[in-house]
Amino acid sequence: MHLWLVAYDFPPIPSPQALHWAYLARELVRAGHRVEVIAPDVPGYGPGGLPELPPQVRVHRVEPGRVTRLLVGRRGATAVNGRTAGRPVPELDAVNEKGADSHDCGTAPTASDQVPVAVKLNWKGRLRLRVMNLLGLRPGLNWKGQLAEYAKSLMSRWMFPDYRAEWIPSATAKLDELLAVERPDVVVVSHEPACSLPVGLHAARCGVPLAVDMGDPVLANYTPKRRRKQAFSLERAVCLEASLISVTTKAAADLLRSRHGLPEGKVVVVEQGFDPSFDPTSVKDPIEFEKDKLELLYTGSFYSFRRAEALLDAVLNVPDVRLNVASISVPDYLFEASEAAPDKIRLLGYISHCSALAAQRHSDVLVNIANADPVQVPGKFYEYLGAGKPFLHLSSDGGDATSMEVHRLGVGWTPASDVDELSELLSLLVQRKQASLPLFVSEPSRDIARFSWAALADRWASAWAKYAEERR
């Protein structure tokens with residue numbers, strides 16, 4: 001199969017969707033397929049540590065747009081295999097006691113440009129951060145970065161889906177340029193962000209079979225009211241034009257089928273996955289954990305609907321337990337707790353993808369927090385499966401889809417978000433660790449193997465092969 005992928009988010013951008021297709025592209029190439037990628041020529045952010053792409057994956061970098069280029073800069077030198085090596089955003093300088101940053105960054109003001117959460121600020125620094133949050137400004141950026149952030153916000157007010165739509169003309173032109181030379185078996189467009197979808201519609205109208213990796217619907221419960229009509233129209237157009245649509249959950253598949261009247265076989269579920277071949281010893285300077293403590297680890301984002309206060313109180317109540325958090329930013333209650341009890345709450349800040357994978361394998365228990373939608377399973381859940389460590393999944397009532405998956409796969413506990421219940425569980429786990437006993441006694445299901453990236457790539461390729469056979 002000759003596959004062309006159109007993806008705005010692709011390494012060196014370390015977003016979940018970029019990782020999703022980095023792994024799928026790697027496994028498709030290993031299975032003998034040919035993969036080319038059209039992606040923007042923008043710098044990545046953060047400390048890197050992304051999965052290595054095979055040299056057979058050919059990436060065509062295109063102009064993201066003039067204004068975007070001015071705001072985010074350009075990637076680094078071109079590598080010998082035609083891929084461009086990402087220019088990392090410089091590490092933030094240490095924040096001084098006044099809370100002022102000395103980071104001079106003229107590149108993309110991304111989420112990783114925030115002040116490292118592990119840095120201890122005095123009351124002036126904390127006040128400054130809160131004022132900036134109220135004003136919608138990003139901590140850790142100088143005036144150039146703040147101006148760029150404001151410019152992107154203004155562009156996103158009149159461009160759909162946001163300022164990144166500026167890349168659509170250059171991506172479409174590159175697609176036409178490549179089509180003048182050869183035609184692929186399929187063009188795949190990756191959502192999110194939605195700015196890749198119009199490029200896919202152009203390919204379909206040129207007569208090229210189109211597959212859409214929808215992930216989540218374009219029209220979602222978090223879509224702003226002023227964008228809902230546009231989101232529905234774009235989602236409907238790609239659903240009708242596409243030959244195959246992949247989503248990450250059965251609930252999303254059912255929603256798209258009912259919303260647009262799609263036939264059963266047109267939508268397939270391809271979840272997020274894990275890499276069983278990852279070697280934690282390949283990570284330099286791994287995060288250290290203490291042998292005499294029960295080490296809990298959460299690697300992920302915090303949203304308003306992801307609450308961890310009950311777990312935090314339980315950790316503070318039980319001796320010999322430490323909660324480690326690797327995240328771009330954390331809520332105030334967690335930051336304040338780390339200041340008051342640094343031996344119980346350790347904030348690691350933003351770490352690379354590979355460092356997170358290594359830390360997951362070296363910790364004792366992995367913490368997962370349910371999404372607001374009870375039918376959603378966070379992509380982090382599947383990444384955790386590769387660590388082989390037990391889960392501590394937090395949900396409001398235990399009736400969400402992730403809780404059911406934890407039980408079905410036999411990988412951990414789903415206690416209520418109750419301080420007393422969590423404290424009792426943590427005390428038991430501390431005793432088991434100190435006695436050198438297994439923390440979790442159930443045998444994990446063999447069904448976990450179906451979530452490896454190789455299995456997911458095979459599932460996607462098989463679904464496309466079935467469509468191609470029916471078409472012939």
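**Close-up views of a predicted model**

**View 1. Packing of helix α7 on helix α8.** Helix α7 (residues 228-241) packs with helix α8 (residues 250-260) at an angle of about 95 degrees, their axes being 11 Å apart. Axes are lines fitted to C-alpha atoms, for helices over the stretch in contact, and angles run from 0 to 180 degrees between N-to-C directions. α7 is therefore roughly perpendicular to α8 (a term for angles of 65 to 115 degrees). Helices (H or I, at least four residues) and strands (E, at least two) are DSSP runs, numbered from the N terminus. From α7, Phe-232, Glu-235, Arg-236, Cys-239 and Leu-240 meet Leu-256, Arg-259 and His-260 of α8, where contact means heavy atoms within 4.5 Å. The model is predicted: local features need pLDDT of at least 70, side-chain atom pairs count only at pLDDT 80 or more, and totals for chains, interfaces and linings use all residues. Residues are numbered from 1 along each chain as its sequence is written, and side-chain values use heavy atoms, with hydrogens and water left out.

**View 2. The open sheet of 7 strands.** With parallel pairing, the strands follow the order β3-β2-β1-β4-β5-β6-β7; two strands pair if DSSP finds at least two bridges between them. β3 (58-62) and β7 stand at the edges with a single partner strand each, so one side of each lacks a neighbour in the sheet. On average, neighbouring strands of this sheet are turned by 20 degrees against each other, direction ignored.

View 3. Strand β1 (residues 2-6) runs parallel to strand β4 (residues 186-190), to which 4 bridges join it. Val-6 stands opposite Val-189 in β4. α7 packs on the sheet, where it touches β5 (210-215) and β6 (244-247), and its direction makes about 135 degrees with that of β5. Helix α15 (residues 453-471) lies across β1, β4, β5, β6 and β7 and runs at about 160 degrees to β6.

View 4. Ile-287 is placed in the loop between β7 (267-269) and β8 (294-299). Its relative accessibility is 19%, and Ile-287 therefore counts as buried (buried means under 20% relative accessible area, exposed over 50%, partly exposed in between; 1.4 Å probe, protein chains only). Not counting residues up to four places away in sequence, Ile-287 touches Arg-346, Leu-348, Ile-351 and Ala-359. Ile-287 and Leu-348 lie 61 residues apart in sequence, with a C-alpha to C-alpha distance of 8.7 Å.

Notes
Parallel < 35°, antiparallel > 145°, perpendicular 65-115°, else oblique.
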